[in-house]
Amino acid sequence: MVTVLMDKLTHIFVQGLSNSFYPVPQQAIGVGSAFEGWSPHAEDVVYRVLVPLSPPPGHAFHLEPDTAGMPQRNFCVRVELLCTCTREQLGENLLCFLHHPEEELRKKQDPSLLHTLCTGSYLDVEKTVHWFYRFVRVAWLLLPQSCHWRLTLQPSGRSCKFQLSKDKESFMVEMIFGVRQGDSDIFVGSQPTEVGIPSTTWFETYAVAEAKFFRHISGQAPHDSWHCQCLQLLTRILMGVGFSSYTLKTVVMHLLNTVPLTRWRRGDFWQRLVDILKYLRCSLETKRLNHFVVGNERFPTEISLPSDFRVAEPLNLFQHLASNPDAHTKARHEYIHLLHR
């Protein structure tokens, strides 16, 4: 239902704003645990989708690294105006933002993206989210689902969240916006993060590549494979323990890439749980847990990555443990707590 809903929203958007110069949303991509098959709590599941944004006519997006001292790989999306004089000469109803007088542009054409959703020359995350919120509120009334479901928008600065409810049934959808890096499955995205992040900062996200990895594994694994159940159980146990579900997911992805898929059946369930915990313990001892996508030469070649990703220096998800002895001691205690559970 979420996939169908997003397709209909995208269709309405393309039809309704075809003559404007806002970013053009592409088909949404399901990401996260709900679409990967291991959501730990079905009653609290959030259906997260990434909506790729393409530049409108007469515009181009350029990704520029944002080295503001944060551990993540961050980018700014610079918006450039392109000359469209040739397209105008071919009969397209498009005035060139670079070469037509401003007065004529104001009278005959909607403003450029630089004058609507940008701060300076850079695409603004918060302005983009706020704009899409307004669009969803209007577009929802045009959808057949609006006759049976109630839409409740949730406040969020860097993503578009809404709850759909009918009788006793309800679920949450979160839309994250992204700009694709080249033709790869890596994006820079608007996903929420800690406060104080500039609104022109977009974080590199591997969610699409990871979701494709789980689909890749499901396509090759035996039909009775329990790899998702392993991850689901451990993330349920994790509630109240300091390890994030992403840490466990990373460990499981590394093991799925090394342990033969025929050894993830129900009969192997206990041994695989032991393997996951051993891998986590080893990572704690060495204070190093490599990111699964960046710097992984064994990442499936069927999934498209930027040319330098597989040979890049791996990101250490436990870097904070290496630089903070107190955090490392705390993590070791949390691991013991996890074993007792």
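1. Across the interface of domain 1 and domain 2, the rule finds 1 salt bridge. Its partners are Glu36 and Lys249, whose side chains come together at 2.9 Å, N to O. Please keep in mind as you look at the picture that this is a predicted model.

2. Other polar links can be counted too. Between domain 1 and domain 2 there are 3 residue pairs in polar contact, with both residues at pLDDT 80 or more. On the side of domain 1 that touches domain 2, the residues divide into 4 nonpolar, 5 polar and 5 charged.

3. Now a step back to the layout of the chain. The domain assignment places domain 1 at residues 1-206 and domain 2 at residues 221-340. Their C-alpha centres are 31 Å apart. Domain 1 brings 14 residues to the contact, and domain 2 brings 17.

4. How much area do domain 1 and domain 2 bury between them? The figure is about 1300 Å², and 63% of it lies on carbon and sulfur atoms. In domain 1, the residues that lose the most area to domain 2 are Trp38, Arg73 and Tyr206, which together make up 43% of what that side buries.

5. A last topic is the cysteines. The structure holds 0 disulfides. Cys76, for example, is in no disulfide, and the nearest cysteine sulfur, in Cys118, is 11 Å away. Cys76 is also buried, with a relative accessible area of 13%.

6. Cys96 itself is buried, with a relative accessible area of 0%.

How values were computed
Residues are numbered from 1 along each chain as its sequence is written. This is a predicted model: local features need pLDDT of at least 70, side-chain atom pairs count only at pLDDT 80 or more; totals for chains, interfaces and linings use all residues. Side-chain values use heavy atoms; hydrogens and water are left out. Domain bounds come from an automatic or database domain assignment. Contact means heavy atoms within 4.5 Å. Buried area is the accessible area (1.4 Å probe) that two parts lose on being put together, summed over both. A salt bridge is a side-chain nitrogen of Lys or Arg within 4 Å of a carboxyl oxygen of Asp or Glu. A polar contact is a pair of N or O atoms within 3.5 Å; within protein, one must be able to donate a hydrogen and the other to accept it, and residues adjacent in sequence count only if both atoms are side-chain atoms. Ala, Val, Leu, Ile, Met, Phe, Trp, Tyr, Cys and Pro count as nonpolar, Asp, Glu, Lys and Arg as charged, and the others, Gly among them, as polar. A disulfide is a pair of cysteine sulfur atoms within 2.5 Å. Buried means under 20% relative accessible area, exposed over 50%, partly exposed in between (1.4 Å probe, protein chains only).
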